[in-house]
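I opened the notebook today to look up a few things about how this chain is put together. Here is the model I worked from.

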Amino acid sequence: AGSNDRVSLGFIGVANRGGQLMKAFAEHQDCSPDYLCDVDSKTLEKAAKQTGGSPKTTADYRKVIDDDSIDAIVIATPDHWHAIQCISGCAAGKDVYVEKPLAVTIHEGRAMVDAARKYDRIVQVGTHRRSSGLYQELSQRIQNGLLGKVCMSRAFRLSNMAPDGIGRRPAMTPPEHLDWDMWLGPRAQRPYQDNIAPYKFRWWQDYSSQMGNWGVHYLDAIRWCIGEEAPSSVCAMGGQFAIDDDRTIPDTMEVTFQFPSGRLAVFGQYETSGNPMMPTGEIELRGTLGTAYVSERTYEIIPERRGQFATEHPMAKPEKGTEDSSNHHLTSNHARNFLDCMRSRRQPNADVEIGHRSTTFCHLANISLKLGRRLQWDADAERFVGDDDANAMLHYEYRKPWKLPV
Ligand SMILES: NC(=O)C1=CN([C@@H]2O[C@H](COP(=O)(O)OP(=O)(O)OC[C@H]3O[C@@H](n4cnc5c(N)ncnc54)[C@H](OP(=O)(O)O)[C@@H]3O)[C@@H](O)[C@H]2O)C=CC1
Ligand SMILES: O=C1CO[C@H](CO)[C@@H](O)[C@@H]1O
């Protein structure tokens, strides 16, 4: 640990989310941002100023990993970097806070879980709702039967990006302050475009997807509330129907997951229309006794109505609740939980296995969409049942010399 028993942190990727994480960790006195890394030197300079101190800086994350004075790393790079950086950190004896979605393939996610266990490391994934008191209580109550059997859950990413979305841009010379080759890392060499980085990698399948980016927040919350680890089948539909841009993901997509216990969950990514899908909240959980609408800060329970031939029996009671929990507040709680677990060596609220299982939903959806068919999933073996094409998509070949550390 650093001086005065403070946890010495290395931040890797310090732009949008990395900056937010630096603020969240800065609220806790028992840690300090001692090393910052970003492939963009302007971003790095700005982040170093944000600390008000004089942290070490580098464009090469391996320097942070090799620095013995750093206790833990906080990863907020684009998704295709998470696995290599997280596993290298674990192998070097560092604890890791890694942003969601955990990885870009199911194989990477499992390798991250294995590394955390092999090297006995704390790995917290950035699904910050896991550190919300409101969600913790509600998920418990729903699992205990508050809503009856929840057979249907839904959540949506809604944003009308018509007509131009992220635009169409030509191949460009990367800005001087950016190391583009290091940005691409394990992904294929390709020309830079300013609608890929910064931030817009979300609309490119190679680096992320909106299914991964937003889907993981909501599917994690849904599966937590209904007490499910994995679906047994998945079917996605969608395409680029209205937005004329360079994206390699759909602008309209809907996926249905079926669970072995007899339930469905739906996630919709509608980037061609933004009107709300629900009276309130971000996720809807529809049970036989009541429906819950839940967001980061609120929940509302609406009692069920008696349908055809139903006997008279007590329904859930109407209820509303709020918690002062913005993204920033929950992220600060999540950082606190990580720091506490570093000391206690207990599993954090969003342990890497939880993050891996939740991220898997997103990969299953993307693979089903790509193949254009419903797929059966064996969650124990982490393989598709009887589908070689789908199993071939559990990972991809890294660009040399990058490989997953062991
Ligand atoms: N939990 C949450 O609520 C949120 C989570 N996120 C997650 O955080 C991650 C980052 O997203 P976001 O901050 O929005 O994206 P940004 O593009 O704003 O930031 C990513 C930064 O990482 C840099 N970078 C890329 N490759 C490397 C590398 N190999 N080593 C060091 N730095 C690198 C990028 O450089 P350059 O500037 O050149 O692109 C950029 O500065 C994503 O996984 C995203 O899903 C994001 C927002 C909120
Ligand atoms: O793009 C994004 C918008 O905000 C979300 C969180 O609130 C992020 O997770 C996501 O990366």
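**Entry 1: ground rules and a proline**

In which loop does Pro101 lie? I found Pro101 in the loop between strand E5 (95-98) and helix H5 (106-118); helices (H or I, at least four residues) and strands (E, at least two) are DSSP runs, numbered from the N terminus.

I noted that this is a predicted model, where local features need pLDDT of at least 70 and side-chain atom pairs count only at pLDDT 80 or more, while totals for chains, interfaces and linings use all residues. Residues are numbered from 1 along each chain as its sequence is written, chains are lettered from A and ligands numbered from 1 in the order in which they are written, and side-chain values use heavy atoms, with hydrogens and water left out.

I placed Pro198 in the loop between helix H7 (180-184) and helix H8 (210-213). Then I looked at Phe309, which is not a glycine but has a positive phi of about 65°. Phe309 belongs to the loop between strand E13 (298-303) and strand E14 (319-322).

**Entry 2: two domains**

I looked up the domains, whose bounds come from an automatic or database domain assignment. Domain 1 is 3-130 + 329-351, and domain 2 is 131-325 + 358-386. Their C-alpha centres lie 24 Å apart. The contact (heavy atoms within 4.5 Å) takes 34 residues from domain 1 and 40 residues from domain 2.

How much area do domain 1 and domain 2 bury between them? I read about 3,100 Å², with 57% of it on carbon and sulfur atoms; buried area is the accessible area (1.4 Å probe) that two parts lose on being put together, summed over both. Ile106, Arg129 and Arg130 supply 29% of what domain 1 buries against domain 2, more than any other three residues.

**Entry 3: H1 on H10**

I turned to helix H1 (residues 16-26) and helix H10 (residues 327-344), which pack at about 65° with axes 8 Å apart. Axes are lines fitted to C-alpha atoms, for helices over the stretch in contact, and angles run from 0 to 180 degrees between N-to-C directions. H1 and H10 are therefore roughly perpendicular; angles under 35 degrees count as roughly parallel, over 145 as roughly antiparallel, 65 to 115 as roughly perpendicular and the rest as oblique.

From H1, I listed Arg17, Leu21, Lys23, Ala24 and Phe25; their partners in H10 include Ala335, Phe338 and Leu339. By class, the contact has 6 nonpolar, 4 polar and 2 charged residues. Here Ala, Val, Leu, Ile, Met, Phe, Trp, Tyr, Cys and Pro count as nonpolar, Asp, Glu, Lys and Arg as charged, and the others, Gly among them, as polar.

**Entry 4: H9 and its neighbours**

I found helix H9 (residues 215-226) packed on helix H11 (residues 352-371) at about 115°, with axes 9 Å apart. Among the residues that meet are Leu219 and Arg223 in H9, and Phe361 and Cys362 in H11. This contact has 5 nonpolar, 3 polar and 3 charged residues.

H9 also packs with helix H6 (residues 133-143), at about 45° and with axes 7 Å apart. That makes H6 oblique to H9. I noted Tyr135 and Ile142 of H6 and Trp224 of H9 among the residues making the contact. The class count is 6 nonpolar, 3 polar and no charged residues.
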